[in-house]
Amino acid sequence: MPEMQLSVKHLLGIRDLTPQDIKIILDTAVQFKDVLQRRIKKVPSLQDITVVNLFYENSTRTRISFELAEKRLSADIINFSASASSVTKGETLLDTVNNILSMKVDMVVMRHSATGAPHFLAKHIPAAIINAGDGINEHPTQALLDAFSIREKFGTLEGKKIAIIGDIMHSRVALSNIYLLKKMGAEVMVAGPPTLIPKYLKEAFDVQVEYNLKKALQWCDVANVLRIQLERQNQVLFSSLREYSLAYGINKALLDSLDKEIVIMHPGPINRGVELDSDAADSRQSIILQQVENGVAVRMAALYLLAGGREVNN
Amino acid sequence: MKTLLNEQQIEIIIKRLGHQVLENHVDLKDTVLIGIQPRGIFVSDQLVRELRSLLPGQQVNYGKLDITFFRDDIAKGIHIPNHTEIPFSIENKNVVLIDDVLYTGRTIRAAMDALNSFGRPAKVELCILIDRRFSRQLPIQPDYVGRAIDSIVSQKVKVYWKERDNRQEVVLLEH
């Protein structure tokens with residue numbers, strides 16, 4: 001049977017992956033999605049693996065999704081959230097992780113508010129690390145599940161037009177998506193208020209920039225709508241949520257005014273009535289709940305592929 | 001390299017296996033056939049074609065099972081998963097598992113685990129094109145055997161299929 005191997009030992013960001021890596025992860029996720037439709041939605045693949053979910057930042061969807069993926073793979077799990085731990089007593093990241101690792105943990109899934117935290121860990125500990133979001137840098141499994149959902153809908157990513165709309169500046173989802181979509185041959189546009197789109201983006205990533213929402217929607221096949229990240233706004237980049245919503249909020253009337261039917265995605269949690277109105281979020285064009293469903297399969301694929309072959313690697 | 005079976009022999013053997021399965025299961029009413037991905041499918045496709053021609057107008061339930069996620073050697077390396085397709089219930093059914101070569105028995109062990117995700121069969125049988133005798137690592141034996149051969153660990157049995165390789169034969173390779 002043909003063997004395969006990712007080119008990386010950790011999943012720190014889409015930036016480090018080859019198009020082949022991305023294809024292997026998405027193809028494997030297709031088979032895991034099939035497993036999740038069975039009567040027994042569990043496989044024994046990771047029954048000899050212990051995973052720690054290290055969440056230094058709040059999360060609902062991602063944490064539950066990872067936890068479910070790990071359970072479906074029969075891994076043993078330790079859940080750690082910083083707010084209920086010795087971190088509040090001043091323990092350093094490396095100390096915390098080394099203490100956990102001394103209890104024989106094989107993989108670390110980590111979310112941290114500091115950009116580069118998982119990269120730092122990867123240099124210092126032997127366990128495989130999956131980045132579940134680091135600061136404003138990357139959120140690779142979100143980009144993978146977004147890509148999976150687009151591929152499932154259209155059959156391919158190549159040549160598809162994806163508009164990423166909203167707070168590009170503070171969004172790790174946006175950055176991971178841009179890396180991934182460009183690697184897989186999709187066309188990418190970012191849209192939003194000029195204050196929320198980094199100036200260098202166009203040159204650095206060869207993406208289109210659009211400040212007019214309707215033009216962006218008219219151009220794209222898929223609109224990936226981002227959350228306005230109130231917790232990361234340390235300066236005033238737009239005057240009010242109401243003003244943002246008037247200029248960049250998407251509702252059903254706006255979607256109906258386009259001369260084609262586009263697909264609406266959102267990584268969640270939605271600020272209903274701000275970036276997305278309920279009539280659009282819950283419409284037939286939205287695949288937001290499919291994204292959540294696909295998230296488990298994609299995370300199973302990432303965990304499975306990183307856990308495999310470790311005896312050879314070590 | 002030594003040819004163990006040529007194209008015609010493979011065809012005759014698969015016809016015989018079809019008859020043997022029918023001998024035990026009569027009209028296949030409570031029996032389903034499941035090929036093991038990826039290589040068992042070449043055998044099961046032909047076997048099921050044979051059974052369908054022997055039972056015209058009769059429903060023959062045929063599925064494909066991928067065992068990748070049930071392997072016991074994931075720590076040693078990752079294998080490409082294939083599609084599983086079992087569009088019927090196996091609860092209380094007789095299941096005939098079909099694969100090309102039976103060697104260590106580990107694939108069949110994984111297949112039996114994988115089957116449990118789809119229900120509890122009344123009985124599971126094993127149909128094999130080539131049985132490499134005396135090389136089992138688990139207590140697993142086939143119920144239907146195309147050809148039993150004696151081989152040593154350093155040898156390799158390779159099956160070529162018309163659909164994929166443009167020729168159909170079973171060869172023994174020395175390494």
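Q: Where is Tyr160(B) found?
A: Tyr160(B) sits in strand β8 of chain B; please keep in mind throughout that this is a predicted model.

Q: And is Tyr160(B) buried, exposed or partly exposed?
A: Tyr160(B) counts as partly exposed, because 15 C-beta neighbours lie inside 10 Å, whereas a residue needs 20 or more to be called buried and 12 or fewer to be called exposed.

Q: What does Tyr160(B) touch, leaving out residues up to four places away in sequence?
A: With those set aside, Tyr160(B) touches Asp165(B), Arg167(B), Gln168(B) and Glu169(B). Of these, Glu169(B) is also the bridge partner of Tyr160(B), in β9(B).

Q: How far is Tyr160(B) from Cys127(B)?
A: Their C-alpha atoms are separated by 18 Å, and the two residues are 33 residues apart along the chain.

Q: Back to that bridge partner: how do β8(B) and β9(B) pair?
A: They pair in the antiparallel sense over five bridges, with β9 of chain B covering residues 169–173. Both belong to an open sheet of three strands in the order β1-β9-β8 of chain B, where the pairing is antiparallel. The edge strands of that sheet are β1 (2–5) and β8 (156–160) of chain B, each of which pairs on one side only. Neighbouring strands in the sheet are turned by 30° against each other on average, if direction is ignored.

Q: How many helices and strands does chain B have?
A: Chain B has four helices and nine strands, and from the N terminus on they follow the pattern β-α-β-α-β-β-β-α-β-β-β-α-β.

Q: What about the overall dimensions of chain B?
A: The C-alpha trace of chain B spans about 45 × 40 × 30 Å along its principal axes. Its radius of gyration is 16 Å, which agrees with the value near 16 Å that a compact globule of 175 residues would have. Of those 175 residues, 39% count as buried, and among the contacts in chain B with a separation of 6 or more, 67% come from residues 24 or more positions apart.

Q: Which residues does Val48(B) touch, again not counting those up to four places away?
A: Val48(B), which lies in helix α2 (residues 40–54) of chain B, touches Leu33(B), Val60(B) and Tyr62(B) on that basis. Val48(B) is buried, since 21 other C-beta atoms lie within 10 Å.

Q: How many residues of chain B are in contact with chain A?
A: 18 residues of chain B are in contact with 23 residues of chain A. On the chain B side, the residues that touch chain A divide into eight nonpolar, seven polar and three charged.

Q: Moving to chain A, what is the strand order in its five-stranded sheet?
A: The order is β8-β7-β6-β9-β10 in chain A, in an open sheet with parallel pairing. β8 (208–210) and β10 (263–265) of chain A stand at the edges with a single partner strand each, so one side of each is left without a neighbour in the sheet. The twist averages 25° from one strand to the next.

Q: Which residues of β9(A) are buried?
A: Both faces of β9 (residues 222–225) of chain A are covered, with Val222(A) and Asn224(A) buried on one side and Ala223(A) and Val225(A) buried on the other. β9(A) pairs with β6 (residues 161–165) of chain A in the parallel sense over four bridges, and Ala163(A) stands opposite Ala223(A) there. β9(A) also pairs with β10(A), in the parallel sense over three bridges, where Val263(A) is the bridge partner of Val222(A).

Q: Last topic, helix α4(A): which of its residues are buried?
A: Ala117(A), Pro118(A), Leu121(A) and Ala122(A) are the buried residues of this helix, which covers residues 117–124 of chain A. Seen down the axis of α4(A), they fall within an arc of 140°, so they line one face of the helix.

Q: What do the buried residues of α4(A) pack against?
A: They pack against α3 (93–101), β4 (107–112) and β5 (128–134) of chain A, while on the other side of α4(A) Lys123(A) and His124(A) are exposed.

Key. Residues numbered from 1 in each chain as written. Chains lettered and ligands numbered in written order. Predicted model: local features only at pLDDT ≥ 70, side-chain atom pairs only at ≥ 80, totals over all residues. Pairing = 2+ DSSP bridges. Helix = DSSP H or I, 4+ residues; strand = E, 2+ residues; numbered from the N terminus. Axes fitted to C-alpha atoms, helices over the stretch in contact; angles between N-to-C directions. Arc of directions from axis to C-beta. Contact = placed C-beta atoms within 7 Å. Rg over C-alpha atoms; globule rule 2.2 N^0.38 Å. Nonpolar A, V, L, I, M, F, W, Y, C, P; charged D, E, K, R; others polar.
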